Amino acid sequence: MRLTQTADLWWKNAVLYCVDVETFFDTDGDGRGDLRGLAQRIDHLAELGVTCLWLMPFYPTPDRDDGYDITDFYGVDSRLGSHGDFVELVRIAQDRGLRVISDLVCNHTSDQHPWFQSARASKDSPYRDWYVWKDEPPPDAEQGVVFPDQEKSLWTYDEAAGQYYLHRFYKHQPDLNVANPQVREEISRVIGFWLELGLSGFRVDAVPFLIETMGSADAADLPDPHDYLRDLRSSVSRRRGDAALLGEVNLPGEETRKFFGDEDGDELTMCFDFVGMQALYLSLVRKDIRPLVKALRERPGEPEETQWATFVRNHDELTLDKLSEAERQEVFDAFGPDPSMQLYGRGLRRRLPPMLNGDRDRIRMVYSLLFSLPGTPVLFYGEEIGMGENLDVEGRMAVRTPMQWTAGPSGGFTTGQKPATPLVEGEYGPENVNVAAQRRDPASLLSWMTLLIRRYRECPELAWGSSSFLDQNGQQVLVQRSDYEGGTVFALHNFGSLPAAVSLRLDDVPAGSRLVDLLNDRTVEVGTEKHVTVDLGRYGCRWLRVVRPGERSLT
C-alpha cells in the first residue's frame, strides 16, 4: 500500500468520533461543556485511537434544537467559547494526530437568524428570496413531516411576511432556498471560512433536503440538484484538497449511491450506511446474520476514492425507518418495549448497552463487528465506555447526556453544582460507568475498544481491501474475508448465545500457514487438508490474519 495513498485518502481508514461540545467537559462550572474542555480531553481520544473528531454544532443558537437552529454560521456560541478557543482546539487536535470536521447545517437557519428576520419583514428585503415562500400551502403540505409529534405541515404562515414559508424540520427552522445562487455562494463562503480556521471537512446535515428545490420559483436553474452537490464538493476541494464531506443520506442503498457522484466520486466523500445499521439490529434481535449479510451484499459499490461510513449509534434517534413495519416492531419488542423508549414511531432513543441488558460478550462482539466491516467506523461519544441513556430527558437528548469521566460528583463533567443536561442515573450512571475506572481495568470496554481500533488501523485488508461474506451451514456466525495486496484477514462473529464451531475451507492458503488471532493470543495451524475448525464462544469474535510460510505477522 502506498503511504501517499493512505495520507491523501485519510478517510478510507479513519476512526471518527462524534462529540457534542456542550455535554463533553465543562471547564468554567456553568454546567455546559465548552471548547476548552474538549481541548483538555483530546489526549483521551488520542489514546483511544481516534483519528478524526466530528463536532456537532457549536455556532450561536437559541438552542431550541440542540444547536441545529443556527443564528450565525460564522460564529461560536459564547456559552461554549470563542474563535480563539476553536482554533486552539484544532491546533491541539492536529498536534495529537487528529483531524477535525464539523456539522455543516445549511438546509435551514433559526427563525431568529438576521437573514430570516430581514426576509420576513419585507418583500423588498435582499434576503426575501433566501427562503421559500408561498401565498398558499400546496395540497401535499402534510406529507414528509420529519417530526410528526411536533409539526403537522411543512409550511407555516408568518404574520409579518404575509406568506407561508417552507420548513422540512421544526417551524422555527425555515429552509434556505438553495436554488438561489446567492445562497449557494454564501454557503461556499461559510465553508471557506471554517476551512481556513483548520477544519478537514464537514459532516453535511440532511443532504437530500439540502439539495431539494421543492417550492422554489428558481428550481429551473438547477435541472439536476446533484449539480449543486458537485459544486459544493468542488468548492471544498479548491480550498483544501484533502478535505472530506460526510453525508447524512438516509435513503435506500441505490439512491444513496447517487450522492457519491460519478465513478470519480465528485460529490460526497463518505455516506452513512443507514440500511446496514438497521439490518444489524434486526440480526441482533433474531440472532440470525442473514438480514445483515443481505444488506451488506446489496450495498452498492462506491467510487474508489470514497467510502461508506458504518456506525452502531449516532446522535439522533436510532432510526429503523428502512425496516418493514413488522421488522421494526420486532426490534421495538426486543430493545425498546416501553413506548417511552421509542420516538416518532420509527426509532429508539436508547444506547446499545442497555438494549443488550449489559451483556458484556454481546456488546464486545458488536463493536468488533463495527471495526471489521467494510467502511469507515464512526463512534458517538461515550460508546467507548458503554454509556447508557436517560429516558427522563426529552426526545433525542436522552442519549446526549454528559460524558462520564469519574465516579465523583457530576461524573467529573463539571465543577459546578450540576450539569445543564441531566446525567444518566442508576446502573449506567457515572458511579458504575466512567473513563477513570476503565482506564485502570485491562478487561474494560474502553480497553477492548482501544485494542479494536489499534488492530483496525493495523489491518489495511479491512479498510482498503475487498470483502466477501462466506456461507455457513447455520445462521448465527458471520464469516467475512477481506483481502488486500496479498494479505488476508478473516473476521468471525457469533450472533448466538451458544458457543459455535466454524469450519473454514482455505483452498488458496498454503499448507504450513498460520491463522494468527489479532484479538487474542491464539494461533490456528493450516495443514495439508486446507481445512480448519475455529471455536467461538457465546457472542464470540475472532480476527484471523493469514500468515503464509516465510512471512512475519506484524500484529
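## Strand pairing

Strands β12 and β13 (residues 347-348) run antiparallel and are joined by two bridges; strands count as paired if DSSP finds at least two bridges between them. The bridge partner of L343 in β13 is G347. Strands (E, at least two residues) and helices (H or I, at least four residues) are DSSP runs numbered from the N terminus.

An open sheet of three strands has the order β11-β13-β12, with antiparallel pairing. Because β11 (318-319) and β12 (342-343) stand at the edges with a single partner strand each, one side of each is left without a neighbour in the sheet.

## Basis of the model

This is a predicted model, in which local features need pLDDT of at least 70 and side-chain atom pairs count only at pLDDT 80 or more, while totals for chains, interfaces and linings use all residues. Residues are numbered from 1 along each chain as its sequence is written, and side-chain values use heavy atoms, with hydrogens and water left out.

## Salt bridges

The whole structure contains 41 salt bridges, each defined as a side-chain nitrogen of Lys or Arg within 4 Å of a carboxyl oxygen of Asp or Glu. One of them links R400 to D66, with the closest N and O atoms 2.8 Å apart. R400 lies in the loop between β14 (376-380) and α15 (435-439), and D66 in the loop between β2 (52-55) and α4 (83-95), so this pair ties together parts that are 334 residues apart in sequence. Both R400 and D66 are buried, a term for under 20% relative accessible area, with exposed meaning over 50% and partly exposed in between (1.4 Å probe, protein chains only).

R400 also meets D316 in a salt bridge (2.8 Å, N to O). D316 lies in the loop between β10 (307-311) and β11, so its pairing with R400 ties together parts that are 84 residues apart in sequence. D316 is buried, as is R400. Salt bridges with shared partners join D66, D316, E317, R346, R396 and R400 into one network.

A further salt bridge joins the side chains of D95 and R96 (2.6 Å, N to O). D95 is partly exposed at 48% relative accessibility, and R96 is partly exposed at 36%.

## Helix packing

Helices α10 (residues 274-286) and α11 (residues 290-298) pack with their axes 7 Å apart, at an angle of about 160°. The axes are lines fitted to C-alpha atoms over the stretch in contact, and angles run from 0 to 180 degrees between N-to-C directions. α10 is therefore roughly antiparallel to α11, a class for angles over 145 degrees.

Methods:
Angles under 35 degrees count as roughly parallel, over 145 as roughly antiparallel, 65 to 115 as roughly perpendicular and the rest as oblique.
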